[in-house]
Amino acid sequence: MPTMTEYALARQADYLAGADSSHCKQQGQVFTPPEIAEFMAGLFDPIPPSFRLLDPGAGGGALSVAFCERLAQCRKPRTLHIDAFETEPRLARSLETIFSECKKRLEVGGHTFSFAVRQEDFIAAAASQVEEQHMLFQSPAVGEYDGVITNPPYFKLRKDSEHAKLMERVLHGQPNAYAFFLALAAAVLKPKGQLVAITPRSFCNGLYFRGFRHWFFERMSLDRIHLFESRTEAFKDSGVLQESLITKSRKSQERPRCVSISGSFGKDIPNPLDCQEVARDLIVDNSCGEASVRIPVTETDSQTMGLIEALPQRFKETGLRISTGPVVTFRATEYLLRQRNGENAVPLLMPHNVKFLTTEWPVTRKQHPIHIIDSEGSRRRKLLIPSRNYVLLKRFSAKEEKRRLTASCLFRSQFKTKRIGLENHLNYVFHADRELSDDEVLGIAAVFNSSLLDGYFRILSGNTQVNATEIRNMHFPSLKTIAQIGKRVGATSDRTPLEIESIVSEALGTGSRSTSCLATGAV
């Protein structure tokens with residue numbers, strides 16, 4: 001006889017065989033692999049005699065069924081009720097069949113199981129209920145559920161959508177549905193109720209989710225994080241390309257001293273699993289008012305965080321500034337040229353011009369402009385910046401690229417024009433009050449290109465985008481140290497990554513740690 005999980009997987013396969021993949025994508029449907037569902041169900045505390053579970057966006061039922069499988073292992077009888085929300089009619093009917101089978105299996109073991117499959121929008125239903133009870137934006141005295149287990153749908157919402165209006169006090173900007181699910185799940189939990197969720201990592205940092213993080217962590221205590229190192233393996237069958245994590249938190253204003261952190265490459269999670277206990281204040285960092293979540297998975301990550309945060313200043317406190325290139329190509333087509341045409345054509349720099357320490361221009365690529373017209377119109381639209389000493393930093397890296405930070409030096413002497421253009425996929429670093437010296441440019445680029453800082457950035461952010469806000473808040477060497485690093489880089493003809501790593505680690509007093517990481521690929 002198949003297990004409850006095998007039975008649910010067969011029903012899910014029937015659904016997928018007749019489903020439109022574009023419809024699944026539009027609805028943000030990503031079905032949870034059974035290995036991950038089992039792991040998530042195992043994160044809950046020992047199941048008490050009576051338990052009420054919510055599965056919002058239940059999909060194929062993998063998470064609820066995994067919880068039922070865990071319940072079946074209990075020797076003493078338990079009473080379980082599950083509320084499962086699912087808007088897709090075929091999936092809702094499938095859930096009825098799956099839960100009915102689970103009921104039979106559990107009753108054989110002496111357990112009591114009841115369920116309700118609610119074919120309605122969880123956000124709309126929960127938000128109206130919560131708003132009526134004044135629970136969403138205040139600390140409620142009571143809730144409804146002992147636990148929530150969820151793999152919420154992932155899709156962006158229009159700012160003027162009904163869901164966004166319901167939740168506008170939690171999220172602003174261009175919100176994502178999964179954050180609404182987390183907020184509402186937290187709101188309907190009983191005090192000390194548990195929430196186990198698998199979501200993208202994107203809520204952990206950045207402006208769009210800042211309000212949500214503050215709201216969530218004022219009410220929920222983070223106990224556990226499991227990070228998937230690969231962007232593709234956890235949901236390989238669904239074609240998901242994003243960094244995902246599992247969190248366990250509980251509804252309490254009592255904060256644990258530590259958060260337990262682990263990681264795996266993909267859905268095959270080792271058992272036993274290596275975990276490290278990290279002080280909570282190092283994980284949920286509100287030192288800059290961001291309430292960002294940092295994730296040092298390994299002991300090496302914790303050492304990296306300690307080394308960088310021992311630096312006395314943050315980037316923004318050194319006098320350095322970072323901005324985004326002003327040229328959005330599709331909005332400035334009338335000023336862009338694929339070849340030089342007239343004296344008013346000035347260099348346009350794009351991400352492919354940024355190499356390790358070096359800015360290469362021109363680089364001829366089909367369909368890519370290499371010049372921008374310096375005219376009254378382009379100046380009025382502020383598309384150009386003065387030709388000065390800068391450090392260029394790519395804003396995006398490829399999904400599975402080893403490095404997140406790639407920086408190049410741009411010296412005033414490289415171009416004879418008064419102004420240049422920088423495309424919007426670049427960040428550029430400059431000084432607030434003066435021009436950077438050549439040594440400072442070399443030093444800043446060297447530090448950004450070090451595995452130490454790259455590793456630190458990965459702890460701070462799972463995004464492939466290098467956000468200027470995150471750079472501003474990073475701890476950073478003093479300009480005096482930066483200039484010393486740059487002087488050494490300028491004096492050597494060996495500008496290989498290994499040599500640059502050696503110069504940076506020696507100047508920052510980090511010993512051989514950074515060079516060993518670079519050589520072994522540990523960072």
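User: Which residues form one aromatic cluster?

Analyst: Y154, Y178, F203, F209, F212, F216 and F217 do. Bear in mind that this is a predicted model, where local features need pLDDT of at least 70, side-chain atom pairs count only at pLDDT 80 or more, and totals for chains, interfaces and linings use all residues. Residues are numbered from 1 along each chain as its sequence is written, and side-chain values use heavy atoms, with hydrogens and water left out.

User: How do you know that Y15 is buried?

Analyst: Buried means under 20% relative accessible area, exposed over 50%, and partly exposed in between, with a 1.4 Å probe and protein chains only. Y15 has 4% relative accessibility, so it counts as buried. F31, at 12%, therefore counts as buried too.

User: What makes the pair of F203 and F212 edge-to-face?

Analyst: Rings of Phe, Tyr and Trp (its six-membered ring) pair if their centres lie within 6.5 Å; planes under 30 degrees apart are stacked, over 60 edge-to-face, and the rest tilted. Here the centres are 6.1 Å apart and the planes stand at 85 degrees, so the pair is edge-to-face. F203 is buried at 5% relative accessibility, and F212 is buried at 1%.

User: Why is helix α4 called largely enclosed?

Analyst: Helices here are DSSP runs of H or I with at least four residues, strands are E runs of at least two, and both are numbered from the N terminus. Nine of the eleven residues of α4 (residues 62-72) are buried, so the rest of the structure largely encloses this helix. Among the buried ones are F67, C68 and R70.
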